[in-house]
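Trainee: Please take one part of this model and go through it slowly. I would like to know what surrounds each residue there, and how the rest of the chain can be read in the same way.

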Amino acid sequence: MSLISDSITVAEKVQSIAKKYKDKELNDEIILLQQKLSLLSNENIKLREEMAEIRSDVLSNKNVYMDDNGFLRRKNDETKYCPKCWNKDRRLSIMPNHGVKEFDSINEYTFKCSACGFMVYSKDNFDKNSTQPIS
Ligand SMILES: [Zn+2]
């Protein structure tokens, strides 16, 4: 925001300089520049409002839940996220599509968060293009 208001201030200074030289073409261009800056400023305000709304949506828990396998999930989103990254930093770290079976004797798959190293142990592995467990 301050970058835009700084630019408007500079444009006003340039306009007052242009008046001294009584150059109509230059003055017209500066007026055009000020109009564009004003539009840019309005657009910037609108974008900031939208961003604040999206951010509060993401940060609130209303679209986020823990599934039965212990992954963090979002409504209308097939991706699995790390619960630790979310709980600690409100960060959505994507978990791997496939689990690793570490021990043949134990029927569990390990999913490791690449951001924090947190492990989710699940009895289900997952098909690459689906969140449905492979049977
Ligand atoms: Zn994590």
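Mentor: Buried means under 20% relative accessible area, exposed over 50%, and partly exposed in between, with a 1.4 Å probe and protein chains only. Asn27 is buried by that rule, because its relative accessible area is 18%. This is a predicted model, in which local features need pLDDT of at least 70 and side-chain atom pairs pLDDT 80 or more, while totals for chains, interfaces and linings use all residues. Residues are numbered from 1 along each chain as its sequence is written, and side-chain values use heavy atoms, without hydrogens or water.

The protein donors (N, O and S atoms within 2.8 Å of the metal, or 3.2 Å for Na, K and Ca; water is not among the atoms, so sites may look incomplete) are the SG atoms of Cys82, Cys85, Cys113 and Cys116, lying 2.2 to 2.4 Å from the zinc ion. Angles among the 4 donor atoms run from 105 to 116 degrees, and the site is tetrahedral (all angles between 85 and 135 degrees). Along the chain the donors follow the spacing C-x2-C-x27-C-x2-C. Helices (H or I, at least four residues) and strands (E, at least two) are DSSP runs, numbered from the N terminus. Cys82 has a relative accessible area of 0%, so it is buried. Cys113 is buried too, because its value is 1%.

Cys82, Cys85 and Cys113 also belong to the largest nonpolar core, together with Phe71, Met95, Tyr109, Phe111, Val120 and Phe126, 9 residues in total. Such a core is a set of buried Ala, Val, Leu, Ile, Met, Phe, Trp, Tyr and Cys residues joined through side-chain atoms within 4.5 Å. Beyond its neighbours within four places in sequence, Met95 has contacts that include Cys82, Cys113, Phe71, Phe111 and Val120 (heavy atoms within 4.5 Å).

The core also contains Phe71 and Phe111, and the structure holds 1 aromatic pair. The ring centres of Phe71 and Phe111 are 5.0 Å apart and the planes stand at 90 degrees, so this pair is edge-to-face. Rings of Phe, Tyr and Trp (its six-membered ring) pair if their centres lie within 6.5 Å; planes under 30 degrees apart are stacked, over 60 edge-to-face, the rest tilted. Phe71 sits in the loop between β1 (64-66) and β2 (72-74), whereas Phe111 is in strand β3 (residues 109-112), 40 residues apart, and the pair links these distant parts of the chain. Both Phe71 and Phe111 are buried.

Asn27 lies in helix α2, and, apart from neighbours within four places, touches Gln15, Ala18 and Lys19. Val64 lies in strand β1 and counts as buried because its relative accessibility is 15%. The C-alpha atoms of Val64 and Arg74 are separated by 4.6 Å, although these residues are 10 apart along the chain. Asn76, in the loop between β2 and α3, is exposed, because its relative accessibility is 86%. Phi of Asn76 is near 60 degrees, a positive value in a residue other than glycine.

Technical notes: Tetrahedral: all angles 85-135°; square planar, octahedral: opposite > 155°, others 65-115°.
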